[in-house]
Amino acid sequence: MLGRQSFATILVGKSMLLREGLARILRSTNFRILASASCADDLLASKLQQQQTLFIVVHDFGATLEQIELCREQHPAGRVTIVADHYRSGDLLSAFRAGASGYFVDMTCAAFIKSLELVMMGETIFPRALLSLFIDPESEPLCEAAPGDENDKVILVTAEDALTPQLSSREKSILRCLITGDSNKCIARKMDIAEATVKVHVKAILRKIRVQNRTQAAIWGSNNRSLTRTAKNDSPPQA
């Protein structure tokens, strides 16, 4: 499907051993290692080519978010993924909101390579635990998942085509609430409208952006934040 297309890849992480292991895994694939560094700050700007680049960040507790932000700042068009041996639900949500396109935990090499290929095709791939954070925003965010846990199954959200959906100001406001994980009741309270009205708007949003549920809508909205903004002088209409 991807033919012989080669993807420039940069490895970031404190552990040289883990970076070397990833390099060996990727050596016979379509992912060409362009650089390997302990921190994104150590990368030379000249090595960041104009083509889309894949950053693979080895999870390092609190430093991971900083590395995601540095990668996004240095190469906005790049795709950033995280490799970890475990995760907390809060880590998934933070990485997602920081702009990561993938979070991989305890999978086979073949599944890992295929997931990276999908990310470079525009997909967003996260462990299934991220799903529960949007379905039930009030769920405990600090639960850990160990390797082999049922929660390690991934969810995939398809990137949409070039057609730009036309969302109303109200729909944009509600979509921003979905991104932050608000329930329908919370959205209704924030906007001073009926919960039934919120449900109608959510259904309209799902139809317009061509996704199946509020989780996919939240991920779509996070990846298309410029389309969720309303003009300063454009106040949401009363429903």
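These legends go with several close-up views of a predicted model.

**Figure 1. The whole protein chain at a glance.** The protein chain holds nine helices and nine strands. Of its 239 residues, 47% are buried. Look also at which parts of the sequence meet: among contacts between residues at least 6 apart in sequence, 70% join residues at least 24 apart.

**Figure 2. Helix H1 meets helix H4.** Here you can follow H1 (residues 16–26) as it packs against H4 (residues 109–120), with the two axes 11 Å apart. How are the two helices oriented to each other? Their packing angle is about 80 degrees, so H1 and H4 are roughly perpendicular. On the H1 side, the contact is made by Leu22, Ile25 and Leu26, while H4 brings Cys109, Phe112, Ile113 and Leu116. Sorted by class, this contact has seven nonpolar residues, no polar ones and no charged ones.

**Figure 3. The largest nonpolar core.** In soluble globular proteins, nonpolar side chains tend to be buried together. The largest nonpolar core in this model has 27 residues. Which of them touch the most other members? They are Ile10, Leu43, Cys71, Tyr103 and Phe126. Several elements each supply at least two residues of this core, including strand S1 (7–12), helix H2 (63–74) and strand S6 (102–105). Helix H3 gives the largest share, four residues. Apart from this core lies another, of 18 residues, with Ala23, Leu54, Phe104 and Ile125 among them.

**Figure 4. Tyr103 and its surroundings.** Tyr103 is one of the core residues that touch the most other members. Leaving aside neighbours within four places in sequence, Tyr103 is in contact with residues including His59, Ile82, Ala84, His86, Asp91, Leu92 and Pro127. Phe126 is also among the contacts of Tyr103, and together with Phe96 these two residues form one aromatic cluster.

Figure 5. A pair of aromatic rings is described by the distance of the centres and the angle of the planes. Searching the whole structure turns up four aromatic pairs. One of them joins Phe104 and Phe112, with 5.7 Å from centre to centre and 80 degrees between the planes, an edge-to-face arrangement. Are these two residues buried or exposed? Both Phe104 and Phe112 are buried.

Note on methods. Residues are numbered from 1 along each chain as its sequence is written. Side-chain values use heavy atoms; hydrogens and water are left out. Rings of Phe, Tyr and Trp (its six-membered ring) pair if their centres lie within 6.5 Å; planes under 30 degrees apart count as stacked, over 60 as edge-to-face and the rest as tilted. Buried means under 20% relative accessible area, exposed over 50%, partly exposed in between (1.4 Å probe, protein chains only). Axes are lines fitted to C-alpha atoms, for helices over the stretch in contact, and angles run from 0 to 180 degrees between N-to-C directions. Angles under 35 degrees count as roughly parallel, over 145 as roughly antiparallel, 65 to 115 as roughly perpendicular and the rest as oblique. Contact means heavy atoms within 4.5 Å. Ala, Val, Leu, Ile, Met, Phe, Trp, Tyr, Cys and Pro count as nonpolar, Asp, Glu, Lys and Arg as charged, and the others, Gly among them, as polar. A nonpolar core is a set of buried Ala, Val, Leu, Ile, Met, Phe, Trp, Tyr and Cys residues joined through side-chain atoms within 4.5 Å.
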